[in-house]
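Hi everyone, thanks for coming. Let me put the model up, and then we can walk through it together.

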Amino acid sequence: MHSIVASIACSSTRLGGPSATSADTKTFVLRPNRNWPGFRAGQHVGVEVDVAGVRCQRRYSISSAPSRDRRFSITVKRQPGGTVSNWLHDRVRTGDVLRL
C-alpha cells in the first residue's frame with residue numbers, strides 16, 4: 001500500500017493506500033498521529049474533502065481490526081454521483097492531506 005497523508009479532526013494521520021480491491025472499490029490504510037484516540041470494532045470515521053471550493057463530508061466504516069501500530073482502513077466503493085467517493089477514487093494520491 002502507498003502512504004497518503006490525512007488529518008483527523010484536530011489531529012493528523014498518514015494513510016497507506018489506495019489499494020484497489022475491485023474495479024469500483026479501494027481500501028485506504030490510515031496511520032494516525034499521537035492525537036488519534038483509537039477506535040473499536042464497528043466504528044466509523046467522517047472524511048471531509050474540498051470539491052470545487054465546497055467542503056463535503058461522508059462517513060465510512062472502519063474496515064480493519066484495531067492494531068498495535070494504530071493503523072486502520074476504510075474501504076470506499078465508488079458511487080454513481082457520489083461526490084466524496086468519486087473524489088477519493090480519482091484524486092487521492094500518496095502525500096495528499098484529508099480531514100477526518
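Let's start with rings: those of Phe, Tyr and Trp (its six-membered ring) pair if their centres lie within 6.5 Å, with planes under 30 degrees apart counted as stacked, over 60 as edge-to-face and the rest as tilted. Searching the whole structure on that basis gives one aromatic pair.

A word on the source: this is a predicted model, where local features need pLDDT of at least 70, side-chain atom pairs count only at pLDDT 80 or more, and totals for chains, interfaces and linings use all residues. Residues are numbered from 1 along each chain as its sequence is written, and side-chain values use heavy atoms, leaving out hydrogens and water.

Now the hairpin. Strand 4 and strand 5 run antiparallel, joined by eight bridges; strands here are DSSP runs of E, at least two residues, and helices are runs of H or I, at least four, numbered from the N terminus. Strands pair if DSSP finds at least two bridges between them. Glu48 has Gln57 in strand 5 as its bridge partner. Two residues lie between the strands, and Ala52 takes a positive phi near 55 degrees.

Which residues does Val47 touch, leaving aside those up to four places away in sequence? Among them are Tyr60, Ile74, Leu88 and Arg58, where contact means heavy atoms within 4.5 Å. The charged end of Arg58 in turn sits over the ring of Tyr60, 5.1 Å from its centre (CZ of Arg or NZ of Lys within 6 Å of the ring centre and within 35 degrees of the ring normal).
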